[in-house]
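Visitor: Hi, I have a structure here that I've never looked at before. Could you walk me through it?

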Amino acid sequence: MVAATVGGMSLVACAAIFVQLASMSSVALQSHPQSTTSLSALALVSGSGSAAAATPGKLRHEGGGGGGSAAAAGNTLAAPSVFVTSNSTVVVAQEGGTATLPCVLRKFASGVVSWIRRKDYHLLTVGLATYSSDDRFLVVHARHLQSWGLQIKFVQPRDAGWYECQVSTHPPTSIFVELKVTEAVAEIAGAPDLHLRSGSELRLICKLRRATEAPVFVFWYHDDRMINYDEDRGVAVSKGRGGSQLLIPRAERTDSGNYTCAPSNARAASITVHVLEAEKPAPMQQDTRKASASAAAAAPWPASAVFLTLQQLLLLLSLMTLTAASWS
């Protein structure tokens, strides 16, 4: 059998040269992960022939979740995506909390995973190594899941924006993840003022809005005093993921004042409580008036009133007799 030749060289020799060049490029990329020249060289060695693939900032972007990338020029079948995580995934984290940006690869995928902050093209991580002076950034890796999440601790508003998870395939491929930062706030039902009678139950419910994490603690203040542990006053505080509740079974006038709900990871909220003196209920007063009227109606007339009535009747009869005599 005669071996086929290309430009005077056998196909076997051409294949050997291609494998050697690819190996040299992979070693160069791992030795200098911050070098954009390595990425460009790797893209060119792979034979893509695309200027966009070889130029930093103009990489081919693929979506995950079963979708494939656009087919290369001249190919009829689309290359499968190396990502399980969908492109343009949105992550919401509250200020001061912890955010984890997902980047999960398919099991057949290989290559070095890097994270890049897009707004300033700052290289954050390569593999498990952190290349940022900000120690809030690190990679959370689960090898059996092929997960390469970027964790950001103590999230700040300036951290919001787009992040790129890039894999050093041939050519390099990426997905983008957006981080949105919110401010968690506390809210007390019934604010700003609450009125109740002395002896009534005082129940204050504090809920967290736009929170992505449960608070470590929630402190309640009556004016300037923290009252979470005032059991001698009957104060009971319960905490849940969505907020906290303050309960005083029988409120007194001394319980009036300003109450503040202060979660560990949210802006505090306040309410002013007015405890009023208990008054006689209106229905009881109305019944008393009815009873007084009935008693007055049932009481016997005094003897003087009866004698006065008889005198008036005799006087009326005398007048009637005189009138009849004058007419006759």
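Visitor: Which residue does a disulfide join to Cys103?
Guide: That would be Cys165, with an S to S distance of 1.9 Å. Please keep in mind as we go that this is a predicted model.

Visitor: Okay, and what is a disulfide?
Guide: A disulfide is a covalent bond between the sulfur atoms of two cysteines.

Visitor: Where do Cys103 and Cys165 lie?
Guide: Cys103 is in the loop between β5 (99–101) and β6 (113–117), while Cys165 is in strand β11, residues 161–167. The two parts are 62 residues apart in sequence, so the pair ties them together.

Visitor: Is the link of Cys103 and Cys165 left-handed or right-handed?
Guide: The link is left-handed, with -70 degrees about the S-S bond.

Visitor: And is Cys103 buried or exposed?
Guide: Cys103 counts as buried, at 0% relative accessibility. Cys165 also has 0% relative accessibility and counts as buried.

Visitor: How many disulfides does the count come to?
Guide: The count comes to two disulfides. Besides the link of Cys103 and Cys165, a disulfide joins Cys206 to Cys261, with an S to S distance of 2.1 Å.

Visitor: Which parts of the chain does the pair of Cys206 and Cys261 link?
Guide: Cys206 is in strand β15 (residues 202–209) and Cys261 is in strand β20 (residues 257–263). These are distant parts of the chain, with the two cysteines 55 residues apart.

Visitor: Why is the disulfide of Cys206 and Cys261 called left-handed?
Guide: The torsion about its S-S bond is about -80 degrees, so the disulfide of Cys206 and Cys261 is left-handed.

Visitor: Are Cys206 and Cys261 buried or exposed?
Guide: Both Cys206 and Cys261 are buried.

Visitor: What is the pairing if I number the bonded cysteines in sequence order?
Guide: Then the pairing reads 1-2, 3-4.

Visitor: Let's switch to strands. How many residues of strand β12 are buried?
Guide: Strand β12 covers residues 173–182, and seven of its 10 residues are buried, so the strand is largely enclosed by the rest of the structure.

Visitor: In what sense do β4 and β12 pair, parallel or antiparallel?
Guide: Strand β4 (residues 89–94) pairs with β12 in the parallel sense, over six bridges. As an example, Ala93 stands opposite Val181 in β12.

Visitor: What about β11 and β12, how many bridges join them?
Guide: Seven bridges join β11 to β12, and these two strands run antiparallel. They form a hairpin, with five residues between them.

Visitor: Which residue in β12 is the bridge partner of Cys165?
Guide: Ile175 is that partner.

Visitor: What holds paired strands together?
Guide: Strands of a sheet pair through backbone hydrogen bonds, either parallel or antiparallel.

Visitor: In what order do the strands of the open sheet with β5 come?
Guide: That sheet has three strands in the order β5-β10-β9, and the pairing is antiparallel. The edge strands, β5 and β9 (137–142), each pair on one side only. Direction ignored, neighbouring strands of this sheet are turned by 30 degrees against each other on average.

Visitor: How many bridges are there between β5 and β10?
Guide: There are three bridges between β5 and strand β10, residues 147–152. Ala99 stands opposite Ile152 in β10.

Visitor: New topic: is the peptide bond from His170 to Pro171 cis or trans?
Guide: The bond is cis, with omega near 0 degrees. Pro171 lies in the loop between β11 and β12, the two strands that form the hairpin.

Visitor: Which residue does a cis peptide bond join to Ala191?
Guide: Pro192, and omega is about 15 degrees there. Pro192 is in the loop between β13 (185–188) and β14 (193–197).

Visitor: One more thing: is the phi of Tyr121 positive or negative?
Guide: Phi of Tyr121 is positive, near 55 degrees, in a residue other than glycine. Tyr121 sits in the loop between β6 and β7 (122–126) and is exposed, with a relative accessible area of 53%.

Visitor: And what is the phi of Asp223?
Guide: Asp223 has a positive phi of about 60 degrees, although it is not a glycine. Asp223 lies in the loop between β16 (218–222) and β17 (225–226). With a relative accessible area of 43%, Asp223 is partly exposed.

Terms used. Residues numbered from 1 in each chain as written. Predicted model: local features only at pLDDT ≥ 70, side-chain atom pairs only at ≥ 80, totals over all residues. Heavy atoms only, no water. Disulfide = S-S within 2.5 Å. Helix = DSSP H or I, 4+ residues; strand = E, 2+ residues; numbered from the N terminus. Buried < 20%, exposed > 50% of the residue type's maximum accessible area, 1.4 Å probe, protein only. Pairing = 2+ DSSP bridges. Axes fitted to C-alpha atoms, helices over the stretch in contact; angles between N-to-C directions.
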